Protein chains: 2
Amino acid sequence: MNKINRKLEYALIGLKHMRSKQPGELTTVKEIAATYGCPFEATSKVMQSLAAGGLVRSEQGAHGGYQLVRDLNRLPLYEVLEMVVGPVEIAKCLHQVDGGCELRGSCNVISPIENLNRKLIEFYRGLTVGELLEGRGFVAKPQSLELRDLAAHAGHELAAVE
Amino acid sequence: MNKINRKLEYALIGLKHMRSKQPGELTTVKEIAATYGCPFEATSKVMQSLAAGGLVRSEQGAHGGYQLVRDLNRLPLYEVLEMVVGPVEIAKCLHQVDGGCELRGSCNVISPIENLNRKLIEFYRGLTVGELLEGRGFVAKPQSLELRDLAAHAGHELAAVE
DNA sequence: TTTAATTACGACTAATTTGGTCGTAGTTAA
DNA sequence: TTAACTACGACCAAATTAGTCGTAATTAAA
């Protein structure tokens, strides 16, 4: 029921990576996957979700890729969560029968978890992606020549420093 | 990876129920299960966890049951989470291999998800169970924990924060 | 015009987590 | 002794998550 999973992790990793690029410069999924060891297909789908949500722009074809189109410092984590894992809904009502509440007004069941849900949404709305990406640079350990070639081809060092 | 699940729900339901009792009055799992439709065995185990964590006291035997021993208004949700679902750890390091970090001591990879984890822990530490158990309407004055309140009840954990 | 590199996306399987049950034992009031 | 409780480990089922595969579609460049 929670929404913090690998998809979100791949999204944040990708966003952090793209943030270090020049405006207009594209990032491929292959590049992200190779640099950080994320599974290609899974990462690819996450990027597609981000593109569908308007957070990144995609260019197809050879020399295609993704680029950021929004300022991460003004982007609530909540929006990314919506894009990659859907609405933040931590728990369903225990007593729902065919979509309706069985206990009606006397229900004290859903309330605590619903309260928590609301507070979590508040929390996610108030937390910017930019904040999460702070800290030391995300330095990947070069694992192969091919990797360095990739980075070189992109015109960047592997170490993305703040 | 998230820790918001049915166990937590049963815990909050039980706590809310017990809070309405007189001091010294016991609540049985049977009572909770019957009142709210929670599965008996699952709820029972949750209560046992709460007892192990010192949040409630249990009395065995006929006419036994559970009772609250702590003030829910000064109890961080974090503690309940620890009791019923273990430490708040939303995501494992992507680079872990066989339970150990692949990069060992030289690992300077800080996953954004780890940052999020820290922020979530902060959030859970500052949110009291009492707040969550308020009615369905708005809570006029949220009783967020101050640091000194935390110190009174969870001083040993505060030391581990930094 | 062909090829290679890339995004797009649905279907599928495997792995993990979660939710729940069962059996049995220990405790205590009546 | 019995009935009503808590205590707890082992187990199974369901749901979710994670990852893979196959196949298009798109585009730059040879």
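**Protein surface around DNA strand C**

Of the atoms of DNA strand C that lie within 4 Å of the protein, 66% belong to sugar or phosphate, and the rest belong to bases. The structure described here is a predicted model. By residue class, the surface near DNA strand C divides into eleven polar, eight nonpolar and eight charged residues.

Individual polar contacts reach both the phosphates and the bases. A phosphate oxygen of DNA strand C lies 2.5 Å from a polar side-chain atom of B:Tyr10. For B:Lys45, a polar side-chain atom is found 2.7 Å from a base oxygen of DNA strand C. Two or more residues are given to the surface near DNA strand C by each of several elements, namely helix H2 (29-36), helix H3 (40-52), strand E1 (56-59) and strand E2 (65-68) of chain A, together with helix H1 (6-19) and helix H3 (40-52) of chain B. H3(A) gives the most to this surface, with four residues.

The largest nonpolar core has 76 residues. Those with the most contacts inside this core are A:Leu77 and A:Tyr124 of chain A, and B:Leu77, B:Leu116 and B:Tyr124 of chain B. Within chain B, the core draws at least three residues from domain 1 (6-68) and at least three from domain 2 (72-161).

Definitions and conventions:
Residues numbered from 1 in each chain as written. Chains lettered and ligands numbered in written order. Predicted model: local features only at pLDDT ≥ 70, side-chain atom pairs only at ≥ 80, totals over all residues. Heavy atoms only, no water. Core = buried A, V, L, I, M, F, W, Y, C linked by side-chain atoms within 4.5 Å. Buried < 20%, exposed > 50% of the residue type's maximum accessible area, 1.4 Å probe, protein only. Domains from an automatic or database assignment. Near = heavy atom within 4 Å. Polar contact = N/O pair within 3.5 Å; in protein donor to acceptor, adjacent residues only side chain to side chain. Nonpolar A, V, L, I, M, F, W, Y, C, P; charged D, E, K, R; others polar.
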